[in-house]
Amino acid sequence: MNKREFIYIAVLTLIIAFMDISGIPSVFFVNIQVADVEPFYFSLMVNFLIIGAIAYLFLRLLCPKWKLGLKKEGLTEGFKKYGIIGIAVAIVGFAAFYVGLSPFDRRPSIEKVLVEGVVYYIGVAIIEELYVRGLLLNLTEKIFAKRKNSTLIAVVFSSVVFGVGHIFGVLNQPLLVIVSKVVWTVGMGMFFGMIYKKTGNLWLPIIIHFLINVCALPYCFSSINGYADLTLYIVVPIYMILGIYSFIELKKETINSSLLSN
């Protein structure tokens, strides 16, 4: 990777991260009201489209050789190997949200359930995996290419960034919630990063990311915005275990690669 390509990818990663976290620029001009759907969801989804267009132009015109892994190869095999884990974690997450939010006091419209509980999370999964795994992780791995554990370093670093980036959504919550959110998203990021590097396919973490996120659907039926302690007690240990498992798998890969090269 030449210096110019490095700069382009770094700039693109920062642009997408900023737009994803801030909602800029669509927050200034998108104000759509449909049924009882919160308008900011439409604003964020328009931002996803803008991010997608910017990423496409950057990668197509400035970094055409950059490989994201948006391909068919490795998807089926990878889903057979890691899909069950992802689905199991998603089900546990759904159960944790369900028990933490019940009894439910909101009767949402079909539009609210579809937009806030499903469609929005499609965009979240695609955009976050694009810049955290497809760009940041690969960029970090190339920076540490001379290190035998470059992949492990890249996955850990990108996972920490992924976790810290979720602080902004819970800044008004108690410290326990903030710390828990970071810990569980770091573990989630480790899993996504591991399966991405194991399969070379970015669609796999996107699909599993979506399945996990969509299990927050119970929030559409509750007026509670935060996280119940019971939810945290279930979710955090699960993702800590998932993160440790992913770290071990990547460590094994590093050791095996080292033995083969010697």
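Ala35 is partly exposed, with a relative accessible area of 49%, where partly exposed means between the limits for buried (under 20% relative accessible area) and exposed (over 50%), computed with a 1.4 Å probe on protein chains only. This is a predicted model, in which local features need pLDDT of at least 70 and side-chain atom pairs count only at pLDDT 80 or more, while totals for chains, interfaces and linings use all residues. Residues are numbered from 1 along each chain as its sequence is written, and side-chain values use heavy atoms, with hydrogens and water left out.

**Backbone sites in loops**

- Ala35 sits in the loop between H1 and H2, and its phi is near 50°, a positive value in a residue other than glycine; helices here are DSSP runs of H or I with at least four residues, numbered from the N terminus.
- Pro25 is also placed in the loop between H1 and H2, and the peptide bond that leads from Ile24 to Pro25 is cis, with omega near 10°.
- Pro103 belongs to the loop between helix H3 (75-101) and H4, and the bond from Ser102 to Pro103 is cis, with omega near 0°.

**Helix H2**

- Helix H2 (residues 39-62) has 24 residues and should span 34 Å at 1.5 Å a residue, which agrees with the 34 Å between its end C-alpha atoms; the expected span is 1.5 Å times one less than the number of residues.
- The buried residues of H2 include Tyr41, Phe42, Leu44, Phe48, Ile51, Phe58 and Leu59, and the buried residues of this helix pack against helix H1 (3-22) and H4, with contact taken as heavy atoms within 4.5 Å.

**Buried residues in other helices**

Contacts below leave aside residues up to four places away in sequence.

- Ser150, found in helix H5 (residues 150-165), is buried with a relative accessible area of 9% and touches Glu141, Phe144 and Ala145.
- Val113 of helix H4 counts as buried at 17% relative accessibility, and it touches Pro108, Val118, Leu217, Cys220 and Phe221.
- Val113 and Gly78 are 35 residues apart in sequence, and their C-alpha atoms are 30 Å apart in space.
- Tyr239 lies in helix H8 (residues 229-261) and is buried, with a relative accessible area of 4%.
- Tyr239 is in contact with Val89, Trp184, Gly187, Met188 and Ile212, and its C-alpha atom is separated by 5.1 Å from that of Trp184, 55 residues apart along the chain.

**Cysteines**

- The count of disulfides comes to zero, a disulfide being a pair of cysteine sulfur atoms within 2.5 Å.
- Cys215 is in no disulfide, and the nearest cysteine sulfur, that of Cys220, is 12 Å away.
- Cys215 is buried, with a relative accessible area of 12%, and Cys63 is buried as well, at 2%.

**The second largest pocket**

- About 210 Å³ of space lies in the second largest pocket, which is lined by 13 residues, with Trp66, Lys67, Asn138, Lys142 and Lys197 nearest its centre.
- Helix H4 (110-143) and helix H6 (175-199) are the elements that give two or more residues to this lining, and H4 gives the most, with three residues.
- A pocket is an open set of points on a 1 Å grid over the protein atoms alone, where a 1.4 Å probe fits, with protein on both sides within 12 Å along at least five of seven lines; lining residues have an atom within 4 Å of a point.

Definitions and conventions
Grid points are joined across faces, edges and corners, and a volume is the space filled by probe spheres set on the points.
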